[in-house]
Amino acid sequence: MGIYKKMAGNMHSGHPTYVFKSHQFGLAYLYYENLTPSEEYWVVGPTIGSRDANLGVSDKAMSADKITGVWHVADVAKGTFDMAPSIFIECDREYGAPA
């Protein structure tokens with residue numbers, strides 16, 4: 001999937017947000033969605049807070065590097081999310097931070 005970088009000072013639903021830059025697809029954002037107390041997910045989408053998520057995992061981790069749940073990938077044709085245990089997200093230092 002690539003390495004997501006933490007966005008300094010940017011929070012969503014009380015959790016840090018992350019960005020991945022792809023030459024092929026542009027920007028993808030990793031953020032936490034707290035829909036209800038029983039529906040809390042880390043998701044990847046085209047914008048922070050977007051309902052057009054491509055990936056999601058039910059996990060209450062406080063930061064993305066602590067996620068342990070199994071990711072699910074969107075199947076647009078079926079309108080479902082299918083388990084994708086081979087997918088993992090990797091996080092790096094803050095975006096814009098010196099190497």
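Predicted model: local features only at pLDDT ≥ 70, side-chain atom pairs only at ≥ 80, totals over all residues.
Which residues does valine 57 touch, not counting residues up to four places away in sequence? With contact taken as heavy atoms within 4.5 Å, valine 57 touches Glu40, Tyr41, Trp42, Ile67, Gly69, Val70 and Trp71. Residues are numbered from 1 along each chain as its sequence is written, and side-chain values use heavy atoms, with hydrogens and water left out.

Valine 57 lies in strand S5, where strands are DSSP runs (E, at least two residues) numbered from the N terminus. Its relative accessible area is 1%, so valine 57 is buried, the term meaning under 20% relative accessible area with a 1.4 Å probe and protein chains only. The C-alpha atoms of valine 57 and cysteine 91, which are 34 residues apart along the chain, are separated by 15 Å.

Let me turn to the aromatic rings. A pair of aromatic rings is described by the distance of the centres and the angle of the planes. Rings of Phe, Tyr and Trp (its six-membered ring) pair if their centres lie within 6.5 Å, and planes over 60 degrees apart count as edge-to-face. By this rule there are three aromatic pairs. One of them, tyrosine 32 with tryptophan 42, is edge-to-face, at 5.4 Å centre to centre and 65° between the planes. Because tyrosine 32 lies in strand S3 and tryptophan 42 in strand S4, the pair ties together parts that are ten residues apart in sequence. Both tyrosine 32 and tryptophan 42 are buried, and Tyr18, Tyr32 and Trp42 form one aromatic cluster.

In the loop between S4 and S5 we find serine 50, which counts as buried at 11% relative accessibility. A polar atom of the serine 50 side chain lies 2.9 Å from the backbone nitrogen of aspartate 52.

Finally, the largest pocket, where a pocket is, on a 1 Å grid over the protein atoms alone, an open set of points where a 1.4 Å probe fits, with protein on both sides within 12 Å along at least five of seven lines, and lining residues have an atom within 4 Å of a point. The largest pocket holds about 270 Å³ of space, the volume being that filled by probe spheres set on the points. Its lining has 14 residues, with Tyr41, Val43, Ala53, Gly56 and Phe81 nearest the centre, and S5 gives the most, with four residues.

Methods:
Buried < 20%, exposed > 50% of the residue type's maximum accessible area, 1.4 Å probe, protein only. Polar contact = N/O pair within 3.5 Å; in protein donor to acceptor, adjacent residues only side chain to side chain. Phe/Tyr/Trp six-rings, centres within 6.5 Å; stacked < 30°, edge-to-face > 60°.
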